[in-house]
Amino acid sequence: VFFFESSELHAGMVMPVDALLLSGTCVCNEASLTGESVLQTKIPLDVSKHSNTDVETKFDMFGIHRGSVLFAGSNIIQYESQPGQKEKIKMLALRSGTYSCRGEMVRHLVKAKNGSISNDSH
């Protein structure tokens, strides 16, 4: 388990890993991954939404929890702490290297270049 804290982050930084936002807010540019030029605001995962239900909710970084995940290759534009918090932002690294979103993209490009495209998904 690896945590990012505010001292390790700066505006303009490219995220090296896929990470779950635990505190603070972050505005990032995912254009290098999605081609979409609209900036994305990321908010911390709110576990209280799911803790009072009888239904077990599995973490879905590409679905309902996407708004709390910063993907490898995303450019950090701005970050802010939540009121009353000492550290500005805290994230939990989820995936790195070839297992991150950016890594998967590179693997698919290499496969395409070598003529071995497959339809495997996340």
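**Notebook: strands, buried polar residues and a ring pair**

I began with the strand pairing: strand β2 and strand β7 (residues 90-95) run antiparallel to each other over 5 bridges. For my own record, two strands pair if DSSP finds at least two bridges between them. Helices (H or I, at least four residues) and strands (E, at least two) are DSSP runs, numbered from the N terminus.

A note on ground rules before going on. This is a predicted model, in which local features need pLDDT of at least 70 and side-chain atom pairs count only at pLDDT 80 or more, while totals for chains, interfaces and linings use all residues. Residues are numbered from 1 along each chain as its sequence is written, and side-chain values use heavy atoms, with hydrogens and water left out.

**Entry 1: strand β2**

I looked up who faces whom. D18 stands opposite R95 in β7. β2 also pairs with strand β5 (residues 69-70), again in the antiparallel sense, over 2 bridges. There I found L70 of β5 as the bridge partner of A19.

Why is β2 described as largely enclosed by the rest of the structure? I found that 5 of the 6 residues of β2 (residues 18-23) are buried, so the strand is largely enclosed. Buried means under 20% relative accessible area, exposed over 50%, and partly exposed in between (1.4 Å probe, protein chains only).

S23 has its place in this strand, and at 6% relative accessibility S23 counts as buried. I also checked S23 against D46: they are 23 residues apart along the chain, and their C-alpha atoms are separated by 9.7 Å.

**Entry 2: S68**

S68 lies in the loop between α2 (48-51) and β5. Is S68 buried or exposed? S68 is buried, with a relative accessible area of 6%. Its side chain reaches the backbone oxygen of I43 at 2.8 Å. I count that as a polar contact: a pair of N or O atoms within 3.5 Å, where within protein one must be able to donate a hydrogen and the other to accept it, and residues adjacent in sequence count only if both atoms are side-chain atoms.

Not counting residues up to four places away in sequence, S68 touches A19, L20, L21, I43, P44 and L45. Contact here means heavy atoms within 4.5 Å.

**Entry 3: K42**

K42 has its place in strand β4 (residues 40-42). I looked up its accessibility and found K42 buried, with a relative accessible area of 2%.

Which backbone oxygens does the side chain of K42 reach? The backbone oxygen of R66 is reached at 3.0 Å, and a polar atom of the K42 side chain also lies 3.0 Å from the backbone oxygen of V69. Leaving aside neighbours within four places in sequence, K42 is in contact with residues including L21, C26, C28, E30, L70 and F71.

**Entry 4: the cysteines**

Two of those contacts sent me to the cysteines. I searched the whole structure for disulfides (pairs of cysteine sulfur atoms within 2.5 Å) and got 0. C26 is in no disulfide, and the nearest cysteine sulfur, that of C28, is 5.6 Å away.

**Entry 5: a ring pair**

Next I looked for aromatic pairs. Rings of Phe, Tyr and Trp (its six-membered ring) pair if their centres lie within 6.5 Å; planes under 30 degrees apart count as stacked, over 60 as edge-to-face and the rest as tilted. The count comes to 1 aromatic pair. The rings of F62 and F71 have their centres 5.8 Å apart and their planes at 15°, so the pair is stacked. F62 is partly exposed, with a relative accessible area of 30%, whereas F71 is buried at 1%.

**Entry 6: R102**

R102 has its place in helix α3 (residues 101-113) and is partly exposed, at 32% relative accessible area. R102 and P16 are 86 residues apart along the chain, yet their C-alpha atoms are separated by 8.9 Å. R102 touches V14, M15, P16, L33, A72 and G73, with residues up to four places away in sequence not counted.

**Entry 7: the whole chain**

The protein chain has 3 helices and 7 strands, in the order β-β-β-α-β-α-β-β-β-α along the sequence. Of its 122 residues, 29% count as buried. Among contacts with a separation of 6 or more, 71% are between residues 24 or more positions apart.
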